[in-house]
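Q: I would like to go through this model with you. Could we take the helix packing before anything else?
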Number of protein chains: 4
Amino acid sequence: MKKMSQQRLRQQLNEIIFGTETPAGRGFDIALIYAILISVFIVIIDSVEHISSEYKGLLFFCEWLFTILFSIEYAVRLYCSQHPFRYARSFYGIVDLLSILPSYIAFFLPQAQFFIIIRLFRVLRIFRVLKLFRYLGEANMLMRSILLARRKIFVFLMSVVVLVSIFGSLMYVIEGPEHGFTSIPTSIYWAIVTITTVGYGDITPQTVLGQSLASIIMVTGYAIIAVPTGIITAELAVEIGRDKGEHSCRNCKKTGHDSDAVHCKYCGAKMEIPV
Amino acid sequence: MKKMSQQRLRQQLNEIIFGTETPAGRGFDIALIYAILISVFIVIIDSVEHISSEYKGLLFFCEWLFTILFSIEYAVRLYCSQHPFRYARSFYGIVDLLSILPSYIAFFLPQAQFFIIIRLFRVLRIFRVLKLFRYLGEANMLMRSILLARRKIFVFLMSVVVLVSIFGSLMYVIEGPEHGFTSIPTSIYWAIVTITTVGYGDITPQTVLGQSLASIIMVTGYAIIAVPTGIITAELAVEIGRDKGEHSCRNCKKTGHDSDAVHCKYCGAKMEIPV
Amino acid sequence: MKKMSQQRLRQQLNEIIFGTETPAGRGFDIALIYAILISVFIVIIDSVEHISSEYKGLLFFCEWLFTILFSIEYAVRLYCSQHPFRYARSFYGIVDLLSILPSYIAFFLPQAQFFIIIRLFRVLRIFRVLKLFRYLGEANMLMRSILLARRKIFVFLMSVVVLVSIFGSLMYVIEGPEHGFTSIPTSIYWAIVTITTVGYGDITPQTVLGQSLASIIMVTGYAIIAVPTGIITAELAVEIGRDKGEHSCRNCKKTGHDSDAVHCKYCGAKMEIPV
Amino acid sequence: MKKMSQQRLRQQLNEIIFGTETPAGRGFDIALIYAILISVFIVIIDSVEHISSEYKGLLFFCEWLFTILFSIEYAVRLYCSQHPFRYARSFYGIVDLLSILPSYIAFFLPQAQFFIIIRLFRVLRIFRVLKLFRYLGEANMLMRSILLARRKIFVFLMSVVVLVSIFGSLMYVIEGPEHGFTSIPTSIYWAIVTITTVGYGDITPQTVLGQSLASIIMVTGYAIIAVPTGIITAELAVEIGRDKGEHSCRNCKKTGHDSDAVHCKYCGAKMEIPV
């Protein structure tokens, strides 16, 4: 009898934590979103020196409050999941673990010695923001078009790497260390900054030849950089077209109707209203 | 009898001020556009010190001239509107109020004390420029495609926020306060400047690891930033395609049919084939 | 008889200068393109001080050689044109005049007095580069799509002007003259530099509030700036589709065939091969 | 008999080196990709001074190891190719030669005298990265859309050149050498940096007139620069649409038909309707 009730508890918890249909499930989700946002906000302002020194106690308290809350959430998720192992190894399972682990590790590390590692672990808590992705359902469509175009994007990135290596190396020869192009890696960094049109201006060509080559990189680079936009637009257009395409006529089975169509545009039969 | 004539006056004023069909209505609109442009121009040049000190009297006079003119306009709009309350709470009603209020508030504030607040109220008059939107009819189409894509744009913005938080935090750990990345908020600001390809160059990575991560942000960020362009292009293409179809149904007169439609999608009547 | 031969001369000159079908006409065009490129190149290098002082005589000689050549060209065009007045007032007539006028004016101006005006007239000769547009036939298609979208582009530009005025003014209030935002015009200039993602970095926000607003300008600005790309892409797609559409089937008259189609895709009849 | 076996050897080598079907061929390709990546990595880190002085011996050894390996590869390719001359003059033949030549030339040059030339030849080895293009099959599709749009891109580039010449010259007149616009070539360089939205900030307008013109360049330039994106998107959309159509003709087996095709556009046979 006890096992039975435990199973019912598990199922109920599952509905609340993983589900979004019940009022309790929706309430839990909204509370979790707020908790994530506030905890991320605390990590961010904790790095501002004059705030972190003034509100040290409050920030420390909040930090552990959220760590304990997220730990409980993680434990309950593990407990009520039907396949605890599968959850633990899934993307969200790892993210959930990542959002509590750094606090515990930072706690057990010898404080004074490795300051940079402390800082690293304090900052790693920012990965809690990834928990938000659970609630960005539409992101799937964007992801899907990026995935569909992944081979083209890979080829494009490789082409950029090749271009940037060659342009960077040439600039290193032309401008040389005396104008800030101290090595090929630095020059490649400059070429990336230029070809993506970021243009910090920390390193700039000074010679006429260097400025001419830089101009060629910018203008031709602009034409090349238009390619990812083109790829994603074309894929998205197909995706949006597909959304339209799901809505088919009961009579002639043809698709491609607008979402506001009342009659089939091919045979004139009345369309079913999509739910 | 007086009430009757008052109602006629109201209706005539309404036609002049809100309408664009009569010659008087069109004349009023053109005069108003000029008044807005000149008054905004005055606010702008008023902030240039050597101009504001030289032409102090003239600028002061113009300022109150336009404030009084716009006050009269606001009063008349309230008077002749059929639903004064609805107008007052509408977007344009609030804009109209906003374009006169700052002058009055600045007048009643103790001059010498809060200089920054004076400056704020002097500058707030710039919101008069929003009155221009009444005359940008085509903006509706752009707005419509942005609204249609609003969920996708929100998801995109959220993804950018997540990305920028993580990249900014990592850069804070890698570069640290000694290279200008003084806190996570500053590093996130840097990440936004970089991912949008603005690239001021006031904060730049100095270490090899930092420059490598910055390069990854730029190149992958470029691919991600192509998404809003893609979304808006795809939505706009649908919008433009719909406008092109002046192809209307003989039966129900509705437009917006695809060029290959054989039956009207609203009433099911057979479509005339366009020549 | 003399008039007759003069008319024939005029017609022959017209064929050579305005036409592109005869070998002489094509030869003239190619010679003219080279003359334009060399003369523009001379204007450009003439501004480099150490070159202009070393090759003073040569540059002066070349300058007058091209001025006389282009003057003869202008005179002959006027002479052999069927409607000399119409030519003189056309876009290319004005460009042809503009490319010789500055040299003459600079010659008659009192040398020593107005150095800046001399410099202006020396530089105005750069407008000769506009003569090249005569040979950019494909530019028409691009121009056509920009013209088709001109109302949308105007609305877009106006929206940018409104946005930039408001953002610039707010930044002027927030940052103030002490951080480089010396006046509203300067702040608007900064807002344009930011919203177009140019990002010189000569003026940058220093306060937390200023950096937050700047981040909002960048990210939302990016979404808004995607609009012109979307407009032009959508218009170009229609234009390219139209080019495809010109190729119609002799049998069923339907259009929309690819340029490599051998048979009509609707009725199967053999397609005429386009010249 | 010996000739026979030699021919078999050649054919086997050809299958391994040029082919990708056999396991040996695939193994060779993967080994070559790693060799290219490592050798390029060595060229790049060789330019970092503190690394090149510390690991001088190791880098020298690796350099010659890869030079000899690539030399053997080049010799074998020449030997086993059916048309050695055609291979030698092909794009990849030249790239293969370019990736070994600089090392030999640098070896025979008098070391101390022309340091800059040594540096040039050391860096030219970076062109080995071009060998990677052999393995970027998908790059062909991108190349095809760029080639299809090459006339439009040329016209676009010419228009940019004309615009940039005029804007640069005007800025030279307005700002003059005292604000960094030292000559027209420098001003044109600035105009390119601005119109491509790179915006280094090494040269910036200081006068009100200069900042106004710069704003015009940025905003209108932004509209113009949207054109290449539009061109490539429109061309890519057609390309992707064609790939999607795996819809092949039963009669001639050719693909690339539109989804609404009733007859094969190549042979005129009736198409099967896709399910």
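Q: In which hand of crossing does H4(C) pass H7(C)?
A: H4(C) passes H7(C) in a left-handed crossing, left-handed being the case where the near helix is turned anticlockwise from the far one by less than a right angle, and right-handed the clockwise case. The model is a predicted one, in which local features need pLDDT of at least 70, side-chain atom pairs count only at pLDDT 80 or more, and totals for chains, interfaces and linings use all residues. Residues are numbered from 1 along each chain as its sequence is written, chains are lettered from A and ligands numbered from 1 in the order in which they are written, and side-chain values use heavy atoms, with hydrogens and water left out.

Q: At what angle do the axes of H4(C) and H7(C) cross?
A: Helix H4 (residues 56-80) of chain C and helix H7 (residues 101-108) of chain C cross at roughly 125 degrees, and their axes come within 9 Å. Helices (H or I, at least four residues) and strands (E, at least two) are DSSP runs numbered from the N terminus. Axes are lines fitted to C-alpha atoms, for helices over the stretch in contact, with angles from 0 to 180 degrees between N-to-C directions. That angle makes H4(C) oblique to H7(C); under 35 degrees counts as roughly parallel, over 145 as roughly antiparallel, 65 to 115 as roughly perpendicular and the rest as oblique.

Q: Which residues of H4(C) and H7(C) make the contact?
A: H4(C) supplies Glu63(C), Trp64(C), Thr67(C) and Ser71(C), while H7(C) supplies Ser103(C), Tyr104(C) and Phe107(C). Contact means heavy atoms within 4.5 Å.

Q: And by class, what is in the contact of H4(C) with H7(C)?
A: There are 3 nonpolar, 3 polar and 1 charged residues. Ala, Val, Leu, Ile, Met, Phe, Trp, Tyr, Cys and Pro count as nonpolar, Asp, Glu, Lys and Arg as charged, and the others, Gly among them, as polar.

Q: Moving to chain D, how far apart are the axes of H10(D) and H11(D)?
A: The axes of helix H10 (residues 150-175) and helix H11 (residues 184-195) of chain D are 8 Å apart, at an angle of about 120 degrees. H10(D) is therefore oblique to H11(D), and their crossing is right-handed.

Q: How do the residues of that contact divide?
A: The contact of H10(D) with H11(D) has 9 nonpolar, 4 polar and no charged residues. Among them are Val164(D) and Met171(D) of H10(D) and Trp190(D) of H11(D).

Q: Finally, what is the mean pLDDT of chain A?
A: The mean is 79, and 76% of the residues of chain A reach 70 or more; pLDDT is the predictor's confidence in each residue, from 0 to 100. The model scores ipTM 0.80 and pTM 0.82.
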